Amino acid sequence: MKSQFFLYTCIVLLAGSIMSSCKKLIEIGPPRDQLASNNVFLDSTTAEAALAGLYAGVANPSPASDMSTSITMFNGMSADEVYAFSMNYYDDFTNNSLTPMIYYVDGLWGTIYKNIYIANAVVEGMAESPLSEAYRQRTTGEAKFLRALCYFYLVNEYGAVPLVTSTDVHTTSRQPRDSVDVVYDQIEKDLADAKSVLPSTLDIYGGRRIRATTWAADALLARVYLYRGKWQLAETMATAVINNPGLFRMNDSLNQVFLANNEEGILQFVNGIASSWMANNFVPSALNITPKFVIQDGLFADFEPGDKRKTNWVGYKSYGGTDYPYPAKYKYMAGVGAVEYNQVLRLSEQFLIRAEARTQQSNYIQAAADIDSVRLRAGLPETDAADKAALMAAIEHERRIEFFCEWGQRWLDLKRLPGINDPLKSRADEVLFLLKGSKWQSTDALYPVPQSAINSNPILSQNEGYF
């Protein structure tokens, strides 16, 4: 009990020293002090506590102060996935009417930068730590992986953002926004660094998939390369993960995909409560008269007849004589134990990443085979797509169905993919204008920089379309 209390105290002290002055960017945190640079990293116990605090900061279950829940919910409403049935405070996402003063946008920005600060503190602390070289390298690799994950979402939600890689407040408090390419370059560097030092097995983590490995770095690199149009590299990274059946395999039972330590999971986050926080957010309890979030009609109609994902991942809540569909990938509510973990990276994405990369390289036969790896598991026939346009449409469809309400994948896809009818536009312009009409403007593709951040750092500029 004493050791558990000690670990908890270390996390609280570290988080407290960070959060006391990192409320807004770019008041990221205090100048490096004895807690951050010396005491915390003197032994593996306190260093592990600091790293645990970083993982908890990314996975902490609160729609106002975490990444996974916020991104899944907010992006799902901003895109064409779900709408909040009766929670009016989310209407700004559904209506694409966000302003720099919106509390949730402010919270997401601040939370991600808080996590980045902790990652920077771990990297700096490990550089000065007396611990073994192997331990310092692995811990640094985990911190860099999580920093890369944070920046991936930050740059995709807000566009150009300040690239902060130091805990020195004197250099970060007045830092301007860096270009998207500069941020992506750092993401690639962090992941490459992490890949070279992270473990390639789960042994060191007790067989659990809850911390970063070299395979997690490969999987996230595959996504980054895909987003940047580096097709061959995306294919190579995805293939490295797919070709490791000893660790990863597609689970034939769709109801097991989101269970703790499922073999489809490349990286899972442990919830901060003894249940699935995603279920608590999306699944209405017996006490809920109405559904919480409802799947949009277009998404619901996009499920093909016989698709097992509709049977296993969609629930229904009856209200006023109507059955409303809701996301039910995560099913276990509070009080049942940690049955489900938050799937951060999973194998089916790697097949669809590779399918898209191969399509872009005119390797249509193998691209179709990758699509079929996902379709056959869902109980569907093989794709009949055979040319680039048809394959890209098929991949977009599979990604929409496979990853609905998972880490904002659909929202990010709509923004990155070119329009079908007008390649000079994005798919977001085509799809969301049809869904939302005048409520959609192209500038809505980026969330506004919080006004509080600009007040703290006047060098920061606002995204186009916001005042």
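Analyst: A polar contact is taken here as a pair of N or O atoms within 3.5 Å; within protein, one atom must be able to donate a hydrogen and the other to accept it, and residues adjacent in sequence count only if both atoms are side-chain atoms. The model is predicted, with local features requiring pLDDT of at least 70 and side-chain atom pairs pLDDT 80 or more, whereas totals for chains, interfaces and linings use all residues. Residues are numbered from 1 along each chain as its sequence is written, and side-chain values use heavy atoms, with hydrogens and water left out.

Helices (H or I, at least four residues) and strands (E, at least two) are DSSP runs numbered from the N terminus. The chain has 20 helices and six strands by that count. Buried means under 20% relative accessible area, exposed over 50%, and partly exposed in between, with a 1.4 Å probe and protein chains only. Of the 467 residues of the chain, 60% are buried. With contact defined as heavy atoms within 4.5 Å, 70% of the contacts in the chain with a separation of 6 or more are between residues 24 or more positions apart.

Val-183, Tyr-184, Gln-186, Ile-187, Glu-188, Asp-190, Leu-191 and Ala-194 are the buried residues of α9. Their cover includes α7 and α10 (214–227).

Two residues of α9 can be set side by side. Asp-190 belongs to helix α9 and is buried because its relative accessibility is 1%. Its side chain makes a polar contact of 2.8 Å with the side chain of Arg-147. Apart from neighbours within four places in sequence, Asp-190 is in contact with Lys-144, Arg-147 and Ala-148. Val-180, also in helix α9, is partly exposed because its relative accessible area is 32%. Leaving out neighbours within four places in sequence, Val-180 is in contact with Val-155, Gly-159 and Ala-160. The C-alpha atoms of Val-180 and Ala-160 are 4.8 Å apart, although the two residues are 20 apart in sequence.

Rolling a probe the size of a water molecule over the atoms shows where empty space is left. On a 1 Å grid over the protein atoms alone, a cavity is a set of points where a 1.4 Å probe fits but cannot get out, and a pocket is an open set with protein on both sides within 12 Å along at least five of seven lines; lining residues have an atom within 4 Å of a point. The second largest pocket is lined by 17 residues, and Asn-156, Gly-159, Lys-415, Ala-445 and Leu-446 lie nearest its centre. The elements giving two or more residues to this lining are α7 (133–158), α9 (180–197) and α18. The most comes from α18, with three residues.

The loop between α17 (388–402) and α18 (409–416) holds Glu-406, which is buried because its relative accessibility is 5%. The Glu-406 side chain makes a polar contact of 2.6 Å with the side chain of Lys-329 and one of 2.6 Å with that of Arg-346. Not counting residues up to four places away in sequence, Glu-406 touches Thr-72, Phe-258, Lys-329 and Arg-346.

Helix α3 (residues 44–59) has 16 residues, so at 1.5 Å a residue it should span 22 Å, in agreement with its end C-alpha atoms being 22 Å apart. Asp-43 caps the N-terminal end of α3, with a side-chain oxygen 2.9 Å from the backbone nitrogen of Thr-45. The buried residues of α3 include Thr-46, Leu-51 and Tyr-55.

Two loop asparagines have positive phi. Asn-96, between α5 (91–94) and α6 (103–128), has phi near 50 degrees and is buried, with a relative accessible area of 10%. Asn-261, between α11 (231–242) and β2 (265–269), has phi of about 65 degrees and is partly exposed at 32% relative accessibility.

Note on methods. The expected span of a helix is 1.5 Å times one less than its number of residues.
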